[in-house]
Amino acid sequence: MTDEVLRILHLSDTHLYGDGRLHYGIVDTLAGLDRVLARAGSLAEVDVVAASGDLSDDGSADSYRRLKGTIEPWAAERGAAVVYAMGNHDLRDGFEEVLGARETVTTVRGFRIVTVDTSVPGAGYGSVDGSQLDRLRDVLATPAEHGTIVVLHHPPVAPTTLLFQTLRFVEPEPLLDVCSAGDVRVILAGHYHHGLVTEAGPSGIPVVVAPAVANTTDVLWPPPRERAVRGAGFAWVQVPVDGPVRAHAVTAPAPDDGATVYDLDAEAVRRIADDAGWRG
């Protein structure tokens, strides 16, 4: 790689706890993050670490301190900037106390990186309001030297599995219209717990969904059941000054990869939808 490319380590869905407890009672998510960063340590150069939400599972300030204390020294050794986006499991008070503002603008070597908070307090689905769209429109009104990368949690594209149908980004079209009218080169997201590369919006903006650190959605599990397995990974995204974006989904293997974390039947999926899903 040369300086003509912005190199992004895209992490998502770390689901850390302030007291170090196990996710679903079985997954050590902090160990998963350590494993992901060790795997990513083989990368020759990293310019940005983008963490796209569900950084905490309990929303505690201590969970964000664990995250920051793990990611930021790794990034500092490589001279990389770090940006954080809110997810539906994140809580605003703890996030802001430790990580700062929920929506930020960062410039790295002429590339502008904008975080957008798609979380809705108390809900699992995502949305943005008019004031957020106005803010993003104002930011994009002045083009960046090499374009803009948008980082958010809920992908503005349709989900693959049934569980996320009511936990999706609700009405993403206005945000995609704003992005398409500006200089957005790529949208980075998480939430689905599996890698996905696609396009969205009237201008066909690339969308990269990173694999999760906490576990991996089994996209081949037959509906109406929903399954997640052990497994952690990240996306390696390269945004050139000119030319198409490239993205790779990379695993950080462990001996127990593939073991079931949860297997939900139709009734369990319905309960989640009733509790946290979109009812519009």
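**Local features of the predicted model**

Histidine 193 is buried, with a relative accessible area of 8%; buried means under 20% relative accessible area, calculated with a 1.4 Å probe on protein chains only. This histidine sits in the loop between β7 (184-189) and β8 (196-200), where strands are DSSP runs of E with at least two residues, helices are runs of H or I with at least four, and both are numbered from the N terminus. Although histidine 193 is not a glycine, its phi is positive, at about 65°.

The model is predicted, so local features need pLDDT of at least 70 and side-chain atom pairs count only at pLDDT 80 or more, while totals for chains, interfaces and linings use all residues. Residues are numbered from 1 along each chain as its sequence is written, and side-chain values use heavy atoms, with hydrogens and water left out.

Most residues other than glycine have a negative phi, and most peptide bonds are trans. Aspartate 13 has a positive phi, near 55°. It belongs to the loop between β1 (5-11) and α1 (29-40), and aspartate 13 is buried, its relative accessible area being 0%. As for peptide bonds, proline 223 and proline 224 are joined by a cis bond with omega of about 10°. Proline 224 is part of the loop between β10 (216-217) and β11 (226-229).

Serine 180 belongs to helix α5 (residues 173-181). Leaving aside residues up to four places away in sequence, serine 180 touches Gly201, Pro202, Ser203 and Ile205, contact meaning heavy atoms within 4.5 Å. With serine 203 there is also a side-chain to side-chain polar contact of 3.0 Å. A polar contact is a pair of N or O atoms within 3.5 Å; within protein, one atom must be able to donate a hydrogen and the other to accept it, and residues adjacent in sequence count only if both atoms are side-chain atoms.

Conventions:
Buried means under 20% relative accessible area, exposed over 50%, partly exposed in between (1.4 Å probe, protein chains only).
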